[in-house]
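Please examine the sequence and the structure before reading each solution.

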Amino acid sequence: MDRSAFQLSDSSTNRFDKRRSDSNPPNTHFAHDVGTTLMRVLLDVHPWIHCGPEGMVIKPILEIRHRTPSLHVNSSTESGIPPDLLDWATAQYIRQIAEGMGPPARILCYKRPEVLLYMEYLARIFLDSQFVVMLRDGRAVAVSNERWGSHTLPYLYDTLHRWMRENLQIISACQRVGPKRCIIIRYELLVLNPERELRALT
């Protein structure tokens with residue numbers, strides 16, 4: 001895994017280059033449910049990588065940026081705040097949080113499964129980012145999540161339905177981002193042969 005800098009889209013980079021840090025910030029990787037804790041622990045062993053505990057403050061910012069009404073975006077543009085500036089500010093916020101969560105590292109790993117719902121946007125504002133999608137058997141996911149709700153069959157059905165819907169969305173986004181930047185790893189295979197599966201990330 002080579003060191004590479006955070007970069008935004010060409011339009012953002014050119015216009016707001018003066019506001020960026022002079023240093024080359026490290027790459028950022030994202031991981032998805034379920035089995036992300038195991039992946040985080042394995043990645044964090046590598047001397048080049050810092051993969052800290054699950055953060056809670058990046059997804060709300062992505063939600064705000066994603067749900068900003070067109071009317072507000074147009075109004076902001078007229079006020080001198082174009083969409084590429086909003087994207088630049090979002091990227092800077094994410095980068096500062098990821099860097100501040102632990103010691104300096106060549107590669108930063110951010111573990112928050114739900115951020116992959118915004119994978120295509122993240123791929124656009126971080127041109128050198130990579131994404132790891134952890135895919136686990138939905139039945140195991142439903143059973144392991146029982147402690148968060150009722151142990152009834154309707155609950156298990158709802159959990160499986162949500163698992164299928166979200167995974168289909170994320171897998172489709174992964175395919176659009178492309179195999180060079182998005183990798184799908186089966187949790188069960190990672191448990192059986194971690195070294196072989198981790199080599200897929202290099």
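**Exercise 1.** Determine whether Asp-137 counts as buried, partly exposed or exposed, and then characterise its contact with Arg-139.

*Solution.* The model is a predicted one. Step 1: the relative accessibility of Asp-137 is 24%. Step 2: buried requires under 20% and exposed over 50%, so Asp-137 is partly exposed. Step 3: Arg-139 has a relative accessible area of 60%, and it is therefore exposed. Step 4: the side chains of Asp-137 and Arg-139 form a salt bridge, with an N to O distance of 2.7 Å. This value lies within the 4 Å cut-off.

**Exercise 2.** Which parts of the chain does the pair Arg-65 and Asp-87 tie together?

*Solution.* Step 1: Arg-65 and Asp-87 form a salt bridge, their closest N and O atoms lying 3.0 Å apart. Step 2: Arg-65 belongs to helix α3, whereas Asp-87 belongs to helix α5 (residues 83–100), so the pair ties together parts 22 residues apart in sequence. Step 3: Arg-65 and Asp-87 are buried. Step 4: a network of salt bridges links Arg-65 and Asp-87 with Arg-124.

**Exercise 3.** How many salt bridges does the model contain?

*Solution.* With the 4 Å cut-off, the count is 10 salt bridges.

Conventions:
Residues are numbered from 1 along each chain as its sequence is written. This is a predicted model: local features need pLDDT of at least 70, side-chain atom pairs count only at pLDDT 80 or more; totals for chains, interfaces and linings use all residues. Side-chain values use heavy atoms; hydrogens and water are left out. Helices (H or I, at least four residues) and strands (E, at least two) are DSSP runs, numbered from the N terminus. Buried means under 20% relative accessible area, exposed over 50%, partly exposed in between (1.4 Å probe, protein chains only).
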